[in-house]
Amino acid sequence: MTDFKLIRETLDLPQGAWAQGWRTLLTRGGRPVLGATQGPRRACLYPVFTPKGFAVTSESPGDHPHHNSIWIAADHVHARMVTKGPQDDLGTYDFYVDDIFQGRAPGTISETAMAGKELADGAYRIVQTLAWRGPREWGAPNGRTLLVEKRVTEIISATAATAIDIATTLTATDWEIAIGPTRHALFGVRMAEVMSLGGRGRLVDSDGRTGGAAISGQRAAWIDYSGPVGGGHRAGIAILPSPETDWSPWFATDWGTVAVNPVGERALELAPGASARFSMRLIVHDGVEPAAIDRAWHTYRAIRRENANLPA
């Protein structure tokens, strides 16, 4: 076994002050690997470090403060509520933007439980339970919990790169739920600003296209975003959606945002108590060539074929 530690960070705040969130940091050999952060509106992975110790994501950039590093969210979540009248009510909720967005008040995605477990040498698993709760409203002064999410994050730490497998299982509670169609869902990745400023970032996909304009709206097995992180070093994240899911075409930008979205073209519909599962792999690296990412993709695809479900 290795020397992973999962540590809940604490803040020494002045008397009368309180934090609006919390962070649980995963370290290996005393060096940080990543943090599981609960913010005021949603849970995310932040910070995220390369094997050499460079942070490669942004927690809340000024242009899009709701882009929280590596996160899961959706801005069109609909709940069908049965009434005694001639037609049912349709509640529409936003779990993507921090403010009212297109008339929808924001909800919260909040961690309610977390457990960590060390696996084989160099691997660790974090399991979170999260509640997707709507805002205070008439008839629901504490908000409605529309979805319960089980999020499994498996970290495979190596010298050359860190693989992060993220699997989310969304379960509808008391109502029929539809998510999407929308371009603001489901997995999001926002790179650190230092990597993209001045056009210094490099975005490439598995078919050799480069740049956001060429990649967005296309389909490819993977995307890699890399850029300078200081001291002459470059680092990045390769994003590998699960081959088991029919993902929408990529949304990717030169300024550092990538969306992995299964509900861009059609809605996900869930009956009460029904679930849906989605997953992806991230390769966090200190600079690799496309051929290496392609090999990682073929390995990932073979694993997914052998085992259709990530460990629970």
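Analyst: Hello! A pocket here is an open set of points on a 1 Å grid over the protein atoms alone, where a 1.4 Å probe fits and protein lies on both sides within 12 Å along at least five of seven lines. The volume is the space filled by probe spheres set on those points, which are joined across faces, edges and corners. In this predicted model, local features need pLDDT of at least 70 and side-chain atom pairs 80 or more, while totals for chains, interfaces and linings use all residues. Residues are numbered from 1 along each chain, and side-chain values use heavy atoms, without hydrogens or water.

User: How much space lies in the largest pocket, and what makes a residue part of its lining?

Analyst: The space comes to about 380 Å³. A lining residue has an atom within 4 Å of a point; 21 residues line this pocket, with Thr 37, Gln 38, Gly 39, Pro 40 and Glu 59 nearest its centre.

User: What makes strand 6 and strand 12 a pair?

Analyst: Strands are DSSP runs of E, at least two residues long, and helices runs of H or I, at least four, numbered from the N terminus. Pairing takes at least two bridges found by DSSP; strand 6 (residues 77-81) and strand 12 (residues 176-179) have four, in the antiparallel sense, so they pair. Val 77 has Ile 179 as its bridge partner in strand 12, and Ile 179 has Leu 268 as its partner in strand 19.
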